[in-house]
Amino acid sequence: MYMDDLNEPMKLNCGQRLMNKIGLAPLTNKQSNEDGTLNDREFEWLKMRGGHYGLISTCATYVSKDGKAWEGQLGLSEDRHIKNLQRLTDEIKMSGSKIITQLHHGGDKAVFSNDKISCYDDTDIEVRNASKEELQEVMNNYVLAAKRAEKAGFNGIEIHGANGYLFTQFLSHNTNKRNDEYGGDIEGRSRLLLETVEAVRRNVSKNFMVNVRISPVNTYSLKGIDIEETILVAKWLGELNIDILSLSLREYNMETIFEDQNYPVIQLIRDETNDNMKIATAGNIWSRADAVNAREIGADMILLGRAGIVHPDWPTVSSKMNFKPYYPKWDPAIFQKVGVSKVFHNYLLKFPGLVVGGAEKR
Ligand SMILES: Cc1cc2nc3c(=O)[nH]c(=O)nc-3n(C[C@H](O)[C@H](O)[C@H](O)COP(=O)(O)O)c2cc1C
């Protein structure tokens with residue numbers, strides 16, 4: 001059996017060291033104040049996980065108001081967002097964990113904008129192809145938000161290139177209809193993401209973590225994301241010396257066909273990217289055995305989404321013999337104990353089969 005080294009440290013390209021190989025995945029919780037500032041509920045939720053997870057991520061955080069995608073979303077679009085975040089980063093760093101924020105632009109899902117931009121035109125959903133000047137502005141907003149994140153004391157940022165938002169829309173050959181250098185083949189469709197990563201890297205300190213999250217294949221409702229193209233994007237991101245490439249998978253051991261054979265997605269990306277960045281994955285990891293298995297097939301570190309909600313101390317307790325993951329459906333009576341507020345609880349009710357009293361599985 002593969003050795004369980006999950007609680008051992010891991011060094012990143014930027015020189016920082018995570019105290020273990022277990023991260024809290026970015027989890028939208030809709031708890032922020034209306035103006036995008038962090039409030040006590042969100043502070044408490046993340047604080048409770050400090051000292052356990054080697055890497056803690058905030059939820060998806062908007063880089064500009066016109067990229068905001070839901071009520072209660074955290075923001076880093078203005079300097080006034082910094083102050084409350086400083087309190088959070090101080091607290092988490094004191095616990096020994098590292099903390100990053102996930103920088104996000106909704107693209108065609110930016111419902112708070114009355115002029116949504118993406119890489120195609122659709123009058124039905126009122127979205128239009130962005131001009132090149134607007135793309136420059138998007139990149140600039142990522143840079144400004146990353147600089148604010150550094151000022152707020154974060155150890156790094158993650159660029160949200162996954163789950164159907166702006167960068168995924170550009171990467172997907174289904175949605176990207178541009179015929180300039182930001183569309184066409186995968187080199188063109190990944191240009192916005194790669195240029196943003198480069199611009200952020202140039203404008204933050206050398207020892208600041210720069211990570212990227214992508215959806216490697218068609219998952220959830222995403223279409224137009226091929227493994228062959230993802231491997232190329234992953235290679236290019238590795239050449240830019242990012243610290244962690246985070247794979248947003250529904251199942252960590254999901255397999256895909258490559259050159260007529262089935263392989264786990266993680267293994268393919270690991271084998272094709274020359275080890276020049278760390279690879280993290282989320283996706284239905286609940287037990288220590290799941291996590292060790294993810295390491296075995298090629299992940300350098302694992303991320304917990306749902307298990308991280310009900311187990312604030314998973315990294316500390318999961319290797320104990322008597323540890324039993326709390327699989328859904330969850331009894332909401334436990335929420336207070338694990339730092340889930342009423343607002344977050346209400347949001348979780350929308351996920352089919354997750355919480356007693358919530359949406360049912362179809
Ligand atoms: C309540 C909830 C909120 C999420 N919010 C985000 C988010 O803000 N950004 C993101 O990249 N993924 C988000 N995800 C996806 C998770 O980070 C993770 O990839 C997914 O839940 C799969 O991991 P799991 O099987 O351990 O839950 C969210 C998932 C859930 C359940």
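Trainee: In strand E5, which residue is the bridge partner of Thr61?

Mentor: This is a predicted model, where local features need pLDDT of at least 70, side-chain atom pairs count only at pLDDT 80 or more, and totals for chains, interfaces and linings use all residues. Residues are numbered from 1 along each chain as its sequence is written. Strands (E, at least two residues) and helices (H or I, at least four) are DSSP runs, numbered from the N terminus. In E5, Thr61 is bridged to Leu74.

Trainee: How many bridges join E4 to strand E6?

Mentor: Two strands pair if DSSP finds at least two bridges between them. E4 and E5 pair in the parallel sense over two bridges. E4 and E6 (residues 98-104) also run parallel, and the number of bridges joining them is six.

Trainee: Which residue in E6 is the bridge partner of Ile56?

Mentor: Ile56 is in E4, and Leu24 stands opposite it. In E6, the partner of Ile56 is Ile99.

Trainee: Is E4 largely enclosed or largely open?

Mentor: A residue is buried if 20 or more other C-beta atoms lie within 10 Å of its own, exposed if 12 or fewer, and partly exposed in between, with C-beta atoms placed from the backbone. In E4, eight of the eight residues are buried. Therefore the rest of the structure leaves E4 largely enclosed.

Trainee: Why does Lys65 count as partly exposed?

Mentor: Lys65 sits in the loop between E4 and strand E5 (74-75). It counts as partly exposed because its C-beta neighbours inside 10 Å number 15.

Trainee: Which residues does Lys65 touch, not counting residues up to four places away in sequence?

Mentor: Contact here means that the C-beta atoms, placed from the backbone, lie within 7 Å. Asn179 is 114 residues from Lys65 along the chain, and their C-alpha atoms are separated by 27 Å. The residues that Lys65 touches are Ser77 and Phe112.

Trainee: How many charged residues are in the shell around the ligand?

Mentor: A residue is near a molecule or strand if its C-beta atom, placed from the backbone, lies within 6 Å of it. The ligand is surrounded by 22 residues, with Ala25, Thr28, Ala60, Gly305 and Arg306 the closest. Ala, Val, Leu, Ile, Met, Phe, Trp, Tyr, Cys and Pro count as nonpolar, Asp, Glu, Lys and Arg as charged, and the others, Gly among them, as polar. The shell has 12 nonpolar and eight polar residues, and its charged residues number two.

Trainee: What is omega near for the peptide bond from Pro328 to Lys329?

Mentor: Lys329 lies in the loop between helix H11 (314-317) and helix H12 (342-348). The bond from Pro328 to Lys329 is cis, with omega near 5 degrees.

Note on methods:
Two residues are in contact if their C-beta atoms, placed from the backbone, lie within 7 Å.
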